[in-house]
Amino acid sequence: MWLVRRQLDTRFERLDPDDDPDRDDRLIRELYQEFGGPLLRQVRQSTGNDLQWAEDVVQETLLRAWRNAAKLTWERGLLWAWLLTVSRRIVIDGRRRRGVRPREVEPPEADTVAVPDATDKTLAAIVVADALRGLSPDHREVIEQTYLRDRTVSEAAEILGIPPGTVKSRLYYALRALRGVLKERGVAS
Amino acid sequence: MLSDEIPESSHHDVAAYALGVLDPEDIQGFELHLVSCERCRIELNEFGELPGLLNEVKSASQRVRP
């Protein structure tokens, strides 16, 4: 496993598309090995524990990573951020297509899901809610009208009656401010 | 394109991208920008944990919603 991890770091930093015909097979297998599990855990949070849906999202995400392999010559941390971003987008698109909010939570299988720590979860929720309240009204509003309500920039722009470019810029400064506060409080790194 | 020709606002898409709320028609353009913009790559990384943290609030508010 450690060897795979090391090879992966090298692989993602220096991809040469032409020198290895078996590269594709290996790459997608290694993507699964390295990121499949952690990504599934993240995605399940946003599919309301719908495992089947979450697995489809993970598959689609890793497939997109594989298709973009030549472009993704990034270090591991950034690749992880990219995978999270893409998977969220796929969940949101899927939710739109289904026209529903996340389904009711199904009972998770005992051996695949870690028992959530209710205390930690509540505490984080309190800290984040408090940090949001501390932002300027403009900043809080764009976070609420986009991410927290599953709306895209242009949808939020229409509701708020401001140009999409303004939503994007406000969102940018809002996230910087939010991250600063959460860092100060030891919740974000 | 030289990076100093890029207007400041084009770096702002990184926030919407990190949250997965950038409109589909803007995504490819931003990803192209990302390849050549180190600043946005760093910021995407920095914003990486915010969606997870915001989910705490999101699921909390969904719980109390009727």
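**Salt bridges and contacts between chains A and B**

In this predicted model, four salt bridges are counted between chain A and chain B.

Me: Which elements give two or more residues to the side of chain A that touches chain B?
Reply: Helices α4 (76-98) and α5 (118-134) of chain A are on that list. It also holds two further helices of chain A. Those are α7 (153-160) and α8 (164-184).

Me: Which element gives the largest share of the side of chain A that touches chain B?
Reply: By class, this side has 24 nonpolar, eight polar and 12 charged residues. Its largest share is 11 residues. They come from α4(A).

Me: How many residues of chain B are in contact with chain A?
Reply: Contact here takes heavy atoms within 4.5 Å. On the chain A side, 44 residues qualify. Their partners in chain B number 39.

Me: How much area do chain A and chain B bury between them?
Reply: The size of an interface is often given as the accessible area lost when the parts come together. Here, 62% of that area is on carbon and sulfur atoms. The buried area for chain A and chain B is about 3800 Å².

Me: How many residue pairs are in polar contact across the interface of chain A and chain B?
Reply: Both residues of a pair must have pLDDT 80 or more. With that condition, the rule finds 13.

Me: Is Lys168(A) buried or exposed?
Reply: Lys168(A) forms a salt bridge with Asp26(B), with the closest N and O atoms 3.5 Å apart. Lys168(A) lies in helix α8 of chain A and Asp26(B) in helix α2 of chain B, so this pair joins two chains. Asp26(B) is partly exposed at 28% relative accessibility. Lys168(A) has a relative accessible area of 12%, so it is buried.

Me: What is the nearest side chain of opposite charge to Asp23(B)?
Reply: Asp23(B) sits in the loop between α1 (13-19) and α2 (24-36) of chain B. Asp23(B) is buried but has no salt bridge. The cut-off is 4 Å. At 6.6 Å, the nearest side chain of opposite charge is Lys168(A).

Me: Which side chain is joined to that of Asp23(B) by a polar contact of 2.5 Å?
Reply: Beyond its neighbours within four places in sequence, Asp23(B) is in contact with Thr152(A), Val153(A) and Ser154(A). The polar contact of 2.5 Å is with the side chain of Ser154(A).

Me: How many residues apart are Glu8(B) and Arg39(B)?
Reply: Their side chains meet in a salt bridge at 3.0 Å, N to O. Glu8(B) lies in the segment before α1 of chain B, and Arg39(B) in helix α3 (residues 38-47) of chain B. The pair links distant parts of the chain, and the separation is 31 residues.

Me: Which residues are linked with Glu8(B) and Arg39(B) in a network of salt bridges?
Reply: Glu8(B) is partly exposed at 38% relative accessibility. Arg39(B) is partly exposed too, at 30%. The network also takes in Arg176(A) and Glu43(B).

Me: Where do Asp130(A) and Arg133(A) lie?
Reply: Their side chains meet in a salt bridge at 3.7 Å, N to O. Asp130(A) is partly exposed at 33%, whereas Arg133(A) counts as exposed at 55%. The two are three residues apart, about one turn of the helix, in α5 of chain A.

Conventions:
Residues numbered from 1 in each chain as written. Chains lettered and ligands numbered in written order. Predicted model: local features only at pLDDT ≥ 70, side-chain atom pairs only at ≥ 80, totals over all residues. Heavy atoms only, no water. Helix = DSSP H or I, 4+ residues; strand = E, 2+ residues; numbered from the N terminus. Buried < 20%, exposed > 50% of the residue type's maximum accessible area, 1.4 Å probe, protein only. Lys, Arg positive; Asp, Glu negative; His and termini not counted. Polar contact = N/O pair within 3.5 Å; in protein donor to acceptor, adjacent residues only side chain to side chain. Buried area = accessible area lost by both parts, 1.4 Å probe. Nonpolar A, V, L, I, M, F, W, Y, C, P; charged D, E, K, R; others polar.
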